[in-house]
Amino acid sequence: MIADHLPVLVVVLPLVGAFVTLLAGWADRRLCFPIAMATTVIQFCISLLILSQVMQTGPLHYNLGNWLPPWGIEYVIDQLNGFVLVVILFLCVLTCLYSHRSTPSEIDEKKIPAFYTVLLLLVTGVCGIAVTGDLFNLYVFLEISSLAAYALVALGREKRSLVSSFTYLVMGSVSACFILLGIGHLYIVTGTLNMADLARVLPPLYGSTVIQTAFIFFIIGLSIKTALFPLHLWLPDAYRYSPSAVTVLLSTVVSKIGVYALIRILFTVFTPAFIIFEIPVMEVFCWMAAAAIIGGSVLAISQTDLKRMLAYSSVSQMGYILLGIGIADSLAVTGGILHILNHAVMKGCLFMIAGSFIYSSGIRSIEDLRGIARTMPLTAAAFVIAAASMIGIPPTVGFMSKWFIALGALESGQWIFVLVILASSLLTAVYFWKVIEYMYFREPGTVCAGTVSTARDPPAGMLVPTLVLAAACILFGIFVSIPLEVIEPFVTGILGGT
Amino acid sequence: MIWEFNFALFLFLVICAIAAISVRNLLSAVVILGVYSLIMAVLWAEMQAVDVSFTEAAVGAGITTILFVAALSRTTRGSKD
Amino acid sequence: MKQDVVIRTVCRLVVPFIQLFALYVIIHGASSAGGGFQGGVIFASAFILVGIAFGIADARKRISEKMTVLFSACGLGIYAGIGILCIIFGGNFLGYSFLPLPFPVPEIRGLAAEAVEIGIGITVMAVMTSIFYDMAVDEEAA
Amino acid sequence: MIEMLLPGLFLRYNYYMAVIIMLIGLYAMIAKGNLIKKIIGLNIFQTAIFLFYISSSDIIGGTAPILTSDPASVYVNPLPHVLILTAIVVAVSTTAVGLALVIRIYEAYGTIEEDELIAMEAKE
Amino acid sequence: MDQPSLVPVLAICIPAVAAALILIFRNHPTIREGWTILASFATLACVLSMLPLVFSGTEPYAALFPILPGLSISFRADAFALIFALTSSSLWVMNSFYSIGYLQAHHGKNLARYFFCFSVAISAALGVAFSADLLTMFICYEILTLSTYPLVVHSETEEARMAGRKYLAYLLTAGIFFLLAVLITYYLTGGTAFAPGGILTGHGSALLMTILFITFLIGFAKAAWIPLHAWLPSAMVAPTPVSALLHAVAVVKAGVFGIARIVFYVFGIDMVSALGLGLLLASIASFTIIVASMMALSQDNLKKRLAYSTISQLSYILLGVALLTPSGIIAALIHIPFHAFMKITLFFAAGAIIVMTGIENISEMKGIGRRMPITMLMFAIGAIGVCGLPPVCGIITKWYLALGAIEAGQLVFLAVILSSSILNVLYFFPIISTAFFEKPDVDTGVHEAPLFMLIPLTITGICSVLLFLFPDWPFLTLVTIAESVITGSVLP
């Protein structure tokens, strides 16, 4: 019986969990973590069940309140959101585990219940985005997750986290407004908000300027959300100044769900027929993504702060995903979607490591990491694996998605993007190798010699998620057919055969 | 509906919006924002959106203004621009 | 402001009416203009008014910060509980018509919708009030 | 020429107004250095979008979508109204979070002017 | 004929497992180094066990798992692969003993990391040898690059780090080109598995093929052809066993081996000769041979001189490949093990001198042959071999290479070979004469290196002679089989 209601449970559960956490925090602060952890773990199990159902029986449909679409809100889960749901909840579980040990040193004791409550609200938001088949509902969940994200960023102890949170809020609200405008335009013309319905109704209207305007609004709004290159300005500060666990969440869950929304709107609502043949927006999109890839890498090279460097690297890596989508070739899109998983795994691991350095030694600057591999061997080893994956060295996950995107670019005859991808691998290598060289091949500097020599690998609560992700970097690289099995039916569905 | 009346409301709305962002005293700006919200509520009532209008009056003109004033009471009233 | 007798008196008179009106708005949400959200906001504004006119401490006596947390959780519990009850009785989430009540279906829908609106109203009231508390009170003073 | 345009213009002038107000709000968010002003701009921007939605559902001669006994009455489309109710909730939440941040920024830095904040951060 | 077998995988896994064990026992020097020795013998045994099969014409083949249609991780131990694998694994045994001796005397820190990376590098080198398709080769090739980087910067001085950066910059950039070439190949043919006679025939225009070929060549910068050679001399700051690894055992050999694989198994002799790419490669190789030899003349640092000598010698292999004639192929393939044995002897000797006397420059080596007679004798054997004089194996290469040049009707390359031999003599014999015939400034008596170093270098030196006397087993036999497979596809 319950099996039919999984799509809604995955959203309601964290919402209830959030308030239970709040109440429990009132009684005893130590209760918050187990509740939050249990919630995310159950959700992860649910998401796995959902995915297996989708793989067996095709897309799931769920009508809230038994109202049929297009009047009621419909939750639709196909391979894409099933996949995304599993990915983000996997990261949520690990982040939650990680936060248990990392947050007490970064957040006021009093705010721990608030932290877990908001974290679960964030999870509610992103799960809602993932499962909903209704545009307006998507907007609402987007705002719930964004509001939670602003609050989480502001929880940092440094006072600059407040300013970065405010900037994030302003940018995020503008993007949400654009998305709302886009939804409004679509609604005025079609009178429906259901995505599948829209896809049915829209084709005769593709020539309409209103539809094109709506499309542009969506693109702008979601570009800000996903921090596409010239619109990324909020991202480095938000990543740099938030508590470690929050950075992990932002870089893996929040940014990925933005990309998911973009893919959903591009391919399900507007369909490839529109985005490829009606307006040449994908061309522009590809160039912007290419600029993001190169620009993000170049900026990352010039950073001295580890977290900030990783943040710019995120800008670059999001470019990969968007490039894969923008090329709109079935191989490239497969690569782009695969990179959602890959980047979540790699970047989650890297930010966890950056957090571990801060936790064990207080070191944030790359130069102070000299010789830290000797005292934190496991953390440093995980860093090497994740960095190799970011560079795209086989047999790690990063290699596979680059392979697909580059192959897709080749197939569609866009050589220049192949070169961009390959060149950026080199740039990525430059900035990660700098860190690795400092960690492994230098004596501790005079300033931080003491802290480096007393640093130890973090407690198991932080180390285990890090190592799990590092292992995932290699496992998914070798067994890449597992995620591909999920992605390929979706891509075939929207773009025809591979 | 009487479009002249509507149009006048719209003009007021624009004037209020401009005033709200250009007045240097933040408290005045907030109060003007409240007025703006009220006019908006009236407009919506005119457009048959009674429940929305009702909400805007309660939330936009009411709670939001109170929140702004509360925030101002803990920060500062002056603004450079 | 605290010394202003007129304001304090007017407030004392007005607050019960505001609350009554809020309840009216909540209850009639499903069938006329209004609803849980608007009603909740109006209810909260009553407390906020008390806070402004008599000082935060006085408002806190009427509804403490812990109570706001409790209320918001309860409201949410009503909402989610009814949704899940519908699932238990074989409908979809919030599929009211499946609730086994001895009334005709439209009535059940109406009743369940009311209950949900009340839940929303309580949550909104509590959250709004607590936001106001957070903003209007210095952390040191609290 | 103008005579031909006028009916269309008047029919849709609320859309143009909405766009103008939107631009005012956006301008405030980008150009104003005061954080409170930015939030005011955000509010204006959001309400303008709501106005846009409501205008879209407005039918001349329609009645409010409240249940009446007369089945022949023409309703305006109620769906945008429901959407806007939700959107208003979102807007006020955003405002509340923003204001809370402003208060804490003021406590930490003693100013809510963007340029002064940047100057202070650069000094650190 | 393929025979499903996991032995190639086992050969690759043994060093990898040893690497893990080394990491676990990182704080117990004896156990740690015991694993290295044990693994090296086990690997050698594993590789040797495949010889009878290959001699009888079967090829152990292991397809691990498919990644995509046409893409899989697969290994095949054909004769061609075994030439390289046998070289690497047998020299690893020697190098392990030598490393222990050398590092106890020199650079004695971070040893766990050293042995770990060494094992991984060997594993990757065997992977390159056995890989049955381009993707597997690329993966192993990249791992080889990364695992040798910590070895290059082992001493952690600023100079070492600079060398390491240069090393990575060259090889990772090259790796990108390699990847691009693999991508294009996969895109054109829908598969990446090697096949004798090539897989690219009929899959693109002449221009595209030429570009692809050049991309592959750049991709194999490990072959150190000029102008992509600069990383090799600067990597000389590494400890001597690492230099031996780079020059003889794994790294540069992986480069030339890769090029040979590409020419014979991806493009195919037919296409390469039809497009005139053989001539292109031969010109590059000739240029490298001559120029690198001249550069070697001007080096006073012994290891640097050896490095330039390597660059020159590697291009012998490339030249043999480029000639595309049976004798040329034999010359190319046989030079992989022969050069390895000779060069490792030279490096071991150079390392022994550094450890015992601290001398790195040739001009300071007056009379060192009297103090370290065995070491210098072996050095002389290696040098004679590299010059191509009997009774050391180097002459066999030169013989076949000359034959190949004549077969191809390109007498200009014959001239290149001969003039390079003269250059070799010019830069090696002064060392020998300085060592043996000049009087030392101060005579300090006989100080041979410790046995851990002396024995391996003696063995490799003697092996170099033995390979001249009995070249058939196993290398020439393997080479003949490989050659017949390659040319057999052309001339049935």
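Visitor: What pattern does chain C follow, read along the sequence?

Guide: Chain C runs α-α-α-α-α. That is five helices and zero strands. Both are DSSP runs, numbered from the N terminus: helices are H or I, at least four residues, and strands are E, at least two. This is a predicted model: local features need pLDDT of at least 70, side-chain atom pairs count only at pLDDT 80 or more, and totals for chains, interfaces and linings use all residues. Residues are numbered from 1 along each chain, chains are lettered from A and ligands numbered from 1 in written order, and side-chain values use heavy atoms, without hydrogens or water.

Visitor: How much of chain C is buried?

Guide: Of its 142 residues, 46% are buried (under 20% relative accessible area, 1.4 Å probe, protein chains only).

Visitor: How do I read two packed helices?

Guide: Use the angle between their axes and the distance between the axes. Take α17 (residues 373-387) and α20 (residues 451-469) of chain E: their axes come within 9 Å and cross at roughly 30 degrees. Axes are lines fitted to C-alpha atoms over the stretch in contact, with angles from 0 to 180 degrees between N-to-C directions. So α17(E) is roughly parallel to α20(E) (angles under 35 degrees).

Visitor: Which residues make the contact?

Guide: Contact means heavy atoms within 4.5 Å. From α17(E) come E:I374, E:T375, E:M378 and E:I381. From α20(E) come E:L454, E:L457, E:T458, E:G461, E:I462, E:S464 and E:V465.

Visitor: What classes do the residues in the contact of α17(E) with α20(E) belong to?

Guide: Seven are nonpolar, four polar and none charged. Gly counts as polar here.

Notes
Parallel < 35°, antiparallel > 145°, perpendicular 65-115°, else oblique. Buried < 20%, exposed > 50% of the residue type's maximum accessible area, 1.4 Å probe, protein only.
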